[in-house]
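Dear colleague,

I am handing over the structure below, and my notes on it follow. Please read them with the model open beside you.

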Amino acid sequence: MDRWRGRVALVTGASVGIGAAVAKELVRCGMKVVGCARNVDKIQELAEECKKAGYSGVLVPIKCDLTKEEEILSMFATIKEQHKGVDVCINNAGLMLPEPLLSGKTSNWRNMLDLNVIGLSICAREAYQSMKKRNVDDGHIINLNSVVGHSVYPFSEGHFYTGTKFAVTALTEGLRQELREAKSHIRATSISPGVVETEFAYRAYSQEPEKAKMLYSQHKNLSGRDIAETVLYVLGAPPHVQIGELTVAPVESAFQ
Ligand SMILES: NC(=O)c1ccc[n+]([C@@H]2O[C@H](COP(=O)([O-])OP(=O)(O)OC[C@H]3O[C@@H](n4cnc5c(N)ncnc54)[C@H](OP(=O)(O)O)[C@@H]3O)[C@@H](O)[C@H]2O)c1
């Protein structure tokens with residue numbers, strides 16, 4: 001990770017869960033991390049925790065609702081002004097709302113699409129443009145996908161979410177191909193976790209927390225830290241090594 005010391009990483013959804021764990025690890029490794037989410041106070045608390053721990057990097061919170069393009073563009077403008085641009089973009093923010101295909105609410109489908117697909121694509125595009133303008137040729141775009149981005153499980157409440165994660169699989173491979181066509185060495189990686197114990201299921205089932213509890217009680221789950229270590233592995237690979245896809249799941253899980 002030495003070559004990333006002092007360089008700028010954007011981590012979306014850095015207020016809790018996987019994003020918070022990734023932001024913390026990157027700060028520990030000496031990166032300047034811009035963490036964004038709607039709840040910027042939580043990122044500020046994490047920034048103070050990192051400072052107290054004596055980590056060599058820094059965490060800079062930015063408030064951004066990633067379902068709003070104008071907020072994303074304004075965030076990239078702020079990053080340009082204050083830190084020149086991004087070298088690494090970790091598209092982590094995402095959500096699942098339990099809305100089956102036969103009966104789900106359109107507004108909730110749209111929310112998942114706006115965040116998991118459109119927001120992620122805008123950030124990837126803006127990150128690439130930022131790298132290109134500064135002749136950064138060893139940058140990295142990492143998309144947080146899921147095991148459901150590769151198989152359709154018989155879980156009707158998750159089918160629309162599954163569709164958004166299948167899109168992430170296609171978008172990451174599409175990015176890789178476009179980067180290669182552009183003769184760029186910027187890398188694109190999809191990381192596909194199985195069950196990670198975070199706020200994710202509690203947010204999905206905000207009206208039925210017992211369902212979330214059930215989901216997390218079936219076996220030993222992954223932690224945000226496990227995924228953060230996977231991110232370090234991906235970023236730490238030598239610049240000529242392209243890790244296209246990495247699936248990480250709990251060893252006892254049926255969903256691999
Ligand atoms: N947990 C799992 O089992 C699991 C498994 C596979 C894949 N994943 C994927 O991993 C990623 C992270 O999940 P997680 O488990 O860490 O979820 P989480 O604990 O629910 O955290 C989600 C993060 O996304 C942010 N976010 C949500 N809506 C946003 C918006 N409109 N604008 C900006 N930020 C927003 C949240 O921040 P604010 O609410 O403060 O905005 C929060 O920081 C997601 O892409 C998810 O699909 C999770």
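**The shell around the ligand**

Sorted by class, the shell around the ligand is made up of 13 nonpolar, 10 polar and four charged residues. Please keep in mind throughout that this is a predicted model. There are 27 residues around the ligand, and those that come nearest are Gly13, Gly17, Arg38, Asn39 and Gly94. As for the helices, H1 (17-28) and H6 (200-204) each supply at least two residues of this shell, and H1 gives the largest share, which amounts to three residues.

**Two lysines with positive phi**

Two loop residues other than glycine also deserve a mention. Lysine 84 sits in the loop that runs between helix H3 (69-83) and strand E4 (88-91), and its phi takes a positive value near 75°. Lysine 84 has 13 other C-beta atoms within 10 Å and is therefore partly exposed, given that a residue counts as exposed at 12 or fewer and as buried at 20 or more.

Lysine 183, for its part, lies in the loop between helix H5 (159-181) and strand E6 (187-193), where its phi is again positive, with a value near 60°. Because lysine 183 has 7 C-beta neighbours inside 10 Å, it counts as exposed, the limit for that class being 12 or fewer.

With best regards

Methods
Residues numbered from 1 in each chain as written. Predicted model: local features only at pLDDT ≥ 70, side-chain atom pairs only at ≥ 80, totals over all residues. Near = placed C-beta within 6 Å. Helix = DSSP H or I, 4+ residues; strand = E, 2+ residues; numbered from the N terminus. Nonpolar A, V, L, I, M, F, W, Y, C, P; charged D, E, K, R; others polar.
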